[in-house]
Amino acid sequence: ADVMGYFEQRCQASRRLAEQAKAVIPGGVQHNLSFNYPFALAFSTADGAHLRDVDGNRYIDFLQAGGPTLLGSNYAPVRQKVHELIDECGPVTGLLHEYEVKLAELVCRHMPAVEMLRLLGSGTEAVMGAVRLARTYTGHKWIIKVGGAYHGWSDQLVYGMRLPKTGRMEATGIPGGATAYTQECLPNDLDELRRKLRWNRLRGGTAAVLVEPLGPESGTRPVHRDYNAQVRRLCDEFGALLVFDEVVTGFRVGLGGAQAFFGVRPDITVLGKCLTGGYPMAGAIGGRREVMMSLVGGLGTTSRRAFVGGTLSANPLSCVAGYHAIVEMERTQAAQKAGRAGDRLRAGLDEIIQRRRLPYVTYNMGSIVHLQTSGVLLMDTSSLWKLFRAKDEAKRRKHMMEEMGAAYTAHGLITLAGSRIYTSLADTDDVIDDALNRFDD
Ligand code: PLP
């Protein structure tokens, strides 16, 4: 009642806009992350650690737009550079601009596995490009992803592609043919991965194994410490390329990405989000020179060409924003500081969970903090019946997390569906203390 009261009494301008939106926008929101319970809140200003909605309420921003604003929202030094560039040449020319080169050089310097970089329009596009590149380079056709991982919304990789065991498609509008050469493995199950690679060897070969290095959904289902190195070994054994999807982890876990943390060198790295510091058109593929040259064809081991495109890709606005965002991440040690804020927040949440005996677990990898209802992952799914019961329970708990998300919002905290939190450089000790008091309430 408290929560509903908040929305009723203090969010009337948001409510009006949300009603208006429903008439012209399917579901009333354009973005899957827009807070939508009991209606979408509309925001007008963003500054550092805080957001203000159109009714004037102030929130701590732990959504971070889904991850890209590691420096904090609307970070002034980058905004300034974007303004200057727009004054000079506007947002796009479609021709080579100095900042394309500067951004590529900077990324290559921080990620040794990225010897060359190609900018694309989004994380989804970049994953599509990585798959096409891997198929072109290897001449193989299969791709293997880890179950539960989100690699964008392309047909061949869309989220929750098949429900385990039943094989039923969760997302619709995707013909079977589109996913005919996509396979999924359970996280951490290296035997299954090996079996699939072996099976594929006689049937066209595996082009790529796609991994989110912290585990599916930015570590929502964590992988063990040695997992990535083992996958690397299996890829080498079977002639598949290892693709790290670092759309979330790139720059956020550190300037060298999760690959630096795990000490594993992928063949292709997919970047997005933080790459442009929260400015539009964040997507890129980077990797070994020989592999990357398959984007132009005629060089390396193949004369085939993996075609990628995009009218607005690599526009000067995205590039200037990305370059200066990364320079600022370097100067401010943003990943380390946001990581310490994440550690502090997680420790505080742990204390609340213990003290109040709540059915939650919390864990983090630096600035990526997970808050989950406990137990679902440990449930027995060994039979179809048990699997359905586990699914039901997972669904119920997901709903519970969403309700908790609404309660957090009513207490001035914006999170990702109540279950994921991104911290930023702007999250000083004061901000974290304030947040913990609100979580406790
Ligand atoms: N890969 C991962 C790991 C992601 O988390 C996302 C988006 O959340 C994507 C790819 C897709 O990126 P985009 O939303 O920019 O298309």
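This is a predicted model: local features need pLDDT of at least 70, side-chain atom pairs count only at pLDDT 80 or more; totals for chains, interfaces and linings use all residues.
Residues are numbered from 1 along each chain as its sequence is written.

An open sheet of mixed pairing is formed by 7 strands in the order 4-10-9-8-7-5-6, where helices (H or I, at least four residues) and strands (E, at least two) are DSSP runs numbered from the N terminus, and two strands pair if DSSP finds at least two bridges between them. Strand 4 (116-119) and strand 6 (182-185) stand at the edges with a single partner strand each, so one side of each is left without a neighbour in the sheet. From one strand to the next the twist averages 20°, with axes fitted to C-alpha atoms, for helices over the stretch in contact, and angles running from 0 to 180 degrees between N-to-C directions. Strand 6 pairs with strand 5 (residues 142-146) in the parallel sense over 4 bridges, and valine 146 stands opposite cysteine 185 in strand 6.

Helix 8 (residues 227-238) lies across strand 7 and strand 8, running at about 175° to strand 7. Helix 8 also packs with helix 6 (residues 190-201) at an angle of about 15°, their axes 11 Å apart, which makes helix 6 roughly parallel to helix 8 (angles under 35 degrees count as roughly parallel, over 145 as roughly antiparallel, 65 to 115 as roughly perpendicular and the rest as oblique).

Notes
Two residues are in contact if their C-beta atoms, placed from the backbone, lie within 7 Å.
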